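Hi,

Here is the structure I promised to pass on. Have a look, and my notes on it follow below.

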Amino acid sequence: MQQAEVIYNINFQVVKASPAHSTMALIEDEPEDMDPWDMPELKDTGVPWSALDTKGKVLRVFVSVGKIVLLLGFLYMFICSLDILSSAFQLVGGKTAGDIFQDNSVLSNPLAGLVIGVLVTLLVQSSSTSSSIVVSMVSSGLLTVQVAVPIIMGTNIGTSVTNTLVATTQAGDRSTFRRAFAGATVHDFFNWLSVLVLLPLEVATGYLYEVTKLIIDSFKIESGEAPALLNVITDPLTESIIQLDQSVISGIATGDPEARNKSLILKWCQTFTNTTLMNVTVPGPENCTSPTLCWVDGNYTFTLKNISETYNVQKCTHLFVNVNLPDLAVGLILLTLSLLVLCSCLVLIVKLLNSMLKGQVAAVIKKILNTDFPFPFGWVTGYIAILVGAAMTFIVQSSSVFTSAITPLVGIGVISIERAYPLSLGSNIGTTTTAILAAMASPGDTLANALQIALVHFLFNITGIVLWYPIPFTRIPIRLAKGLGSITAKYRWFAAVYIICCFFVIPLFVFSLSLAGWQVLVGVGVPILVLLIIILIINMLQKRKPSCLPAALRSWDFLPLWARSLAPWDKVVGVITAKCCCCCKCCQAASDDQEHGVQESAEKNKKAHTAVYDNPAMSADKEVEDEIKIELKILKMTRL
């Protein structure tokens, strides 16, 4: 009896200590004295090298080489999938991006130009594409360089969404997700903070425009050729899948009416243009090319003009060259496939890195990447990391590819947040150097404007680094990213809220206010901005000098819980998720019950059918009838 009471008490205590049912219950409690940002130890669980025999050592070498080859292959597929993803976004929203750029009255508003740069880069998933559209518009005279500066700032923000999306694929583990999301969003916060400071400065003083114009006027720069580098490796695969005609988007943006009816999918990869000087009929003498080349014959006026005719020479060989589908359908197909390959490669890369970076290998790599130089040269380490990030981005020719590649390394604990920050800053510089080289390949008449736009992008990032990196106190993006990483690790649904709000809702809201006019923009935007600044100041005073505040403002306890905490919203998300799961389970249960009922009815019919023939009385009568038939046959045979 006493034993039963003890068991009952133990069970009662266990039941009493069970956690509440919410998304928070899925998160394991961490020790209070443990820093969540400490890099984890990647322990080697395999057999030590010294304990292996010759066969085991050879086998391990082959396995390690195979893993390196697989890692390079998956990294190659990852980069190619990003390229295909960019092409897919251009097919889905490229013409819309051209239409957005065509509205010059909206672009004249700096805030609207900034938002358009963000939205267009989100649509095409490539800052180089959106920048090339801006360059072509400036070269054609549709935009001035001053108007294009805020758009270039917006492209810098839009390109940082890719690695943030990559970080969400690591939401399975709480600690990994915290580090990965913080490592990705440190790039976002740097871009947003730089824009918040430099956009008002540019509107007030024209700082970026004046400095870059001075540089252009001071140097005699000759046109050259932009290097291909990584594209030489990736183009054979990506161009065998899809090739796009980039002139269509630029043509729509510059107002070409024929470009709107063209497909973005490139059909003819090699063409020949023949220009011939021909006599043509014009409406009147004022339409002649020159007075000396003008003849009037009765009611007709003739002049000499260069007539260009383009002949198709060689058709492209990519998969979609002969597919009779609209651009939207092809874009959605490529979008789905590229996202599938992207996520699969990312998961496999993380798995391989986890299996490879163990023991001494992990210790060496972590030491190389995260150790500072000895005093007094410790400050140099960060700037070397910036140069490394710039060089690597210059090699891969895409800041999105580089930052998306280091995000999983931050998640598994190989690279710290403090080291990922200068690497991301370097990637911003690397992508602008590529744009500068590409601008130098422009024709002589458009070289100055194209190069000035590229230098604006370069100077924007250099100024941002000066603002937010040299002094440790000014490295605010690291603190903001860590705070956001902790929130998203606790409430994982908040990652989706952050991405949707920062990259879609807020830009669209500002863009809508810009369309309504500057009076509406100031009337709505300024009170919201002032309120946010007041809340920020109160938060800082609450943490550092609460005595300076009135008693009511020393905490936010006077507000309802839903206005000062995410816990009630977490419960709402948990209830919605539980109901969705319940509905799915109910539907599955109903279908299972229906199938089970059909099976039971079939079995009953089968049993009833067999029961009729298995009745003992009826089977006995049948045996008697069979015996009588046999006896009659015997009698007939004996008579014969």
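**Helix packing and cores**

Helix α6 passes helix α17 in a right-handed crossing (the near helix is turned clockwise from the far one by less than a right angle). On α6 the contact (heavy atoms within 4.5 Å) is made by V145, A148, V149, I152, M153, T155 and N156, and on α17 by N449, Q452, I453, V456, H457, F460 and N461. Those residues split into 8 nonpolar, 6 polar and no charged (nonpolar is Ala, Val, Leu, Ile, Met, Phe, Trp, Tyr, Cys and Pro; charged is Asp, Glu, Lys and Arg; the others, Gly among them, are polar).

Keep in mind that this is a predicted model, where local features need pLDDT of at least 70, side-chain atom pairs count only at pLDDT 80 or more, and totals for chains, interfaces and linings use all residues. Residues are numbered from 1 along each chain as its sequence is written, and side-chain values use heavy atoms, with hydrogens and water left out.

α6 also meets α8: V149, P150, M153, N156 and I157 in α6 touch N191, W192, V195, L198, L199 and E202 in α8. Here the division is 8 nonpolar, 2 polar and 1 charged.

Of its 82 residues, M153 and I242 touch the most other members. Helix α8 (residues 174-205) gives the most to this core, with 12 residues.

Cheers

Note on methods: Helix = DSSP H or I, 4+ residues; strand = E, 2+ residues; numbered from the N terminus. Core = buried A, V, L, I, M, F, W, Y, C linked by side-chain atoms within 4.5 Å. Buried < 20%, exposed > 50% of the residue type's maximum accessible area, 1.4 Å probe, protein only.
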